[in-house]
Amino acid sequence: MLSNVEALFASTSSDSTVHIWEASFPSQTGGDFKLSLLQDISVGSRAMAALSLSELPGNAADWILAMGGLDNKVHLYVGDRNRKFQHVCELKGHQDWIRGLDFSIPTAGKEGKQIFVASSSQDRAIRIWKISCRSALCDNREEAKGMQSISLKAFIEGPQFKSGTSIWQVSLESLLVGHEDWVYSVKWQPPLKISIDDDSDHWVQPQSILSASMDKTMMIWRPESKTGIWVNEVTVGELSHSALGFYGGLWGPKGDSILAHGYGGSFHLWKNIGMSSEQWQPQLVPSGHSGAVVDLGWAKSNQFILSASHDQTTRIFAPWERKKDVDTEISWHEIARPQVHGHDINAITIIKGEGNHRYVSGADEKVARVFEAPLSFLQTLQYTAWGNLGKEVENKEDIQILGANMSALGLSQKPIYVHAASKSVSTTSTVTEGGAEGMETFPDAVPIVLTEPPPEENLAWNTLWPESHKLYGHGNELFAMCCDHAGKIIATACKAQSANVAEIWLWQVGSWRVVGRLHSHALTVTEVKFSCDDRFLLSVSRDRHFSVFQLETNGNDDVKHKLIAKQEAHKRIIWACSWSTRSHMFATGSRDRTVKIWNVTENEERGTCVNQSSLLPQFSSSVTALSWSPQNDFREDILAVGMENGLIEIWKIEPVLRNLADDGGPFVSVKASRMLQLDVYLCHVATVHRLVWKETSKNDKAISINNSSSSAVLQLASCGADHTVRIFNVVLY
């Protein structure tokens with residue numbers, strides 16, 4: 001910061017340029033923010049990957065910029081606001097790309113004013129460079145010649161450079177070796193404010209450096225008190241095998257906490273809770289998907305949300321009661337990661353009905369996978385804020401699977417049985433010197449009952465669900481699936497370019513045999529939904545058609561199906577569909593930015609037919625998600641509409657019965673009106689992929705809406721291409 005309202009910063013890019021910027025902040029509320037480019041520095045053919053900017057000691061007008069990158073060197077530039085930054089020297093020593101740079105604050109040493117810069121590299125080493133002020137610049141020629149001889153002599157120690165009236169000497173202070181992989185970042189501990197007397201404060205730079213590496217560890221380095229040699233005093237990390245290491249580390253403002261981020265955007269936080277000695281413990285941090293979230297659903301007991309993403313994971317989020325001071329607050333946390341896969345996951349469906357929590361997932365592969373909740377998750381669920389909701393799983397003692405282990409290829413998840421969990425430590429293979437067992441192996445997971453939200457280390461490895469079945473049959477990657485309300489039938493569909501492949505398969509839950517193959521569409525089926533009474537199955541497709549199948553189950557659990565309607569409903573791809581929970585009315589949404597309401601009518605003479613009831617006004621963007629509200633005390637139906645631009649709207653649907661149908665039966669028209677458009681700052685910033693309602697009781701302790709007893713509260717969950725899952729409270733008066 002140049003002042004309270006001005007700041008100087010630098011940025012680097014892969015186009016081999018470094019930009020120097022000046023930012024001017026408004027001094028008053030409502031003022032203008034100004035950003036101006038001061039200098040454009042070209043660094044040649046090899047881009048810079050790390051930058052650090054600091055004041056030179058003794059002169060606040062002089063600034064020093066360190067940059068390092070693909071040429072394995074640290075380059076120093078000196079300049080100020082009035083004159084351009086000039087290249088003064090380069091520091092050699094690293095053997096690979098430089099990934100991190102950081103300046104300490106200026107200090108006063110035995111040699112006078114000095115400043116340190118730490119550099120980290122892919123050569124697994126950290127170097128600390130000292131930049132100290134030697135003397136004032138002399139004007140006469142003899143002294144100038146002497147300075148030249150000093151610079152030649154100092155080449156062994158390090159280069160010298162001039163800035164203003166001062167000469168600065170650079171030397172290597174220390175070489176830190178301890179990491180086993182690339183060191184991506186290095187940071188000095190933030191300075192501490194020390195009161196010298198009642199009138200002034202002094203900032204002191206702690207001799208402590210934090211480094212983060214791809215070897216899955218962070219280290220804190222400090223010099224020994226007697227020898228002054230820098231050593232590693234604290235090591236944290238050792239992530240699970242599903243992680244790839246740390247891409248950066250950061251100190252907390254007080255120096256008592258450290259934060260790292262890993263591949264996929266995961267955060268890892270440790271805090272020093274020790275009193276007399278250091279004791280660093282993992283802490284709770286926000287978590288979420290690192291790829292587009294494409295599907296989600298509420299548990300059959302409404303206790304949690306399950307989401308699926310292109311980051312190749314499924315995750316469970318649930319509300320948790322946490323004490324804050326004397327009050328208790330409820331917040332949502334990720335409590336399990338049932339599936340960590342090797343392919344992008346495109347669809348999931350939660351199996352309803354009696355029994356344990358189960359779901360089916362479909363990914364960029366031809367097989368659907370069935371997962372069942374282990375005993376450790378069922379016991380953890382009782383500690384959540386909504387642990388008392390729903391019907392508890394009966395005969396929990398009969399569930400003998402405690403958790404799951406990841407296979408070597410990251411595709412199947414093998415069960416860990418209760419009777420074998422205690423033996424897992426003794427049965428792990430030992431490593432023999434010089435033998436084949438010296439290769440890296442996956443350790444067994446340690447599933448445990450969680451009494452508080454877990455940190456990333458537990459989520460990534462110890463909360464997996466076992467895979468119980470594989471469903472083979474589709475010829476391409478799975479794309480859509482759903483389960484009926486009774487929990488007896490699963491419908492699945494895959495990506496398709498022809499009618500033969502674009503069929504919908506029906507699977508019987510339990511036996512997992514195929515009980516039907518429905519043919520109607522010519523291209524990929526984008527979504528399938530069962531009606532509220534499971535009599536009809538609705539499908540929409542990229543071929544711009546919707547199809548309605550009538551289903552009938554006989555005593556042998558065989559399913560008879562009949563195509564009763566197929567219609568080209570929109571001018572573009574149909575992305576979404578949803579059934580009303582009160583009747584056989586459904587909605588379709590398309591890329592043509594329209595939503596149409598349809599009604600299924602049954603007539604004894606002409607059979608079952610589908611008529612269009614209403615066309616909603618054209619939306620501002622493609623419609624990509626629809627969800628009809630569940631049963632509630634509100635008289636009208638509620639339809640949530642999600643769009644490609646991330647916006648979400650809530651519409652009120654009022655059916656009006658008229659005897660005007662062509663087949664002589666009753667014709668149901670619809671009066672639709674927009675109730676609410678969610679605030680743009682609350683909505684997604686990219687495509688909304690799925691919307692799902694959950695009915696919420698007015699007495700639910702997780703929701704408080706001004707203590708109003710005359711309002712109904714519904715919860716709407718959404719997911720999108722912006723990697724987020726969002727939950728909204730919708731109050732109906």
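Visitor: What makes Glu334 count as buried or exposed?

Guide: This is a predicted model, in which local features need pLDDT of at least 70 and side-chain atom pairs count only at pLDDT 80 or more, while totals for chains, interfaces and linings use all residues. Residues are numbered from 1 along each chain as its sequence is written, and side-chain values use heavy atoms, with hydrogens and water left out. Buried means under 20% relative accessible area, exposed over 50%, and partly exposed in between, with a 1.4 Å probe and protein chains only. Glu334 has a relative accessible area of 3%, and therefore it is called buried.

Visitor: Why is the contact of Arg315 with Glu334 called a salt bridge?

Guide: The term asks for a side-chain nitrogen of Lys or Arg within 4 Å of a carboxyl oxygen of Asp or Glu. In this pair the closest N and O atoms are 3.4 Å apart, and the contact is a salt bridge. Arg315 lies in strand β26 (residues 313-324) and Glu334 in strand β27 (residues 327-340), so the pair ties together parts 19 residues apart in sequence. Strands here are DSSP runs of E, at least two residues long, numbered from the N terminus.

Visitor: How do you know whether Arg222 and Glu278 are buried, exposed or partly exposed?

Guide: Arg222 has a relative accessible area of 17%, and so it is buried, whereas Glu278, at 36%, counts as partly exposed. The two form a salt bridge, with the closest N and O atoms 3.0 Å apart. Arg222 is in strand β18 and Glu278 in the loop between β22 (267-272) and β23 (280-283), 56 residues apart.

Visitor: What makes β14 and β19 edge strands?

Guide: They belong to an open sheet of four strands in the order β14-β17-β18-β19, with antiparallel pairing. β14 (183-188) and β19 (230-237) each have a single partner strand, so one side of each is left without a neighbour in the sheet.

Visitor: How do you know that β18 and β19 pair?

Guide: Two strands pair if DSSP finds at least two bridges between them, and β18 (residues 217-223) and β19 have seven, in the antiparallel sense. Within this pairing, Ile220 stands opposite Val234 in β19.
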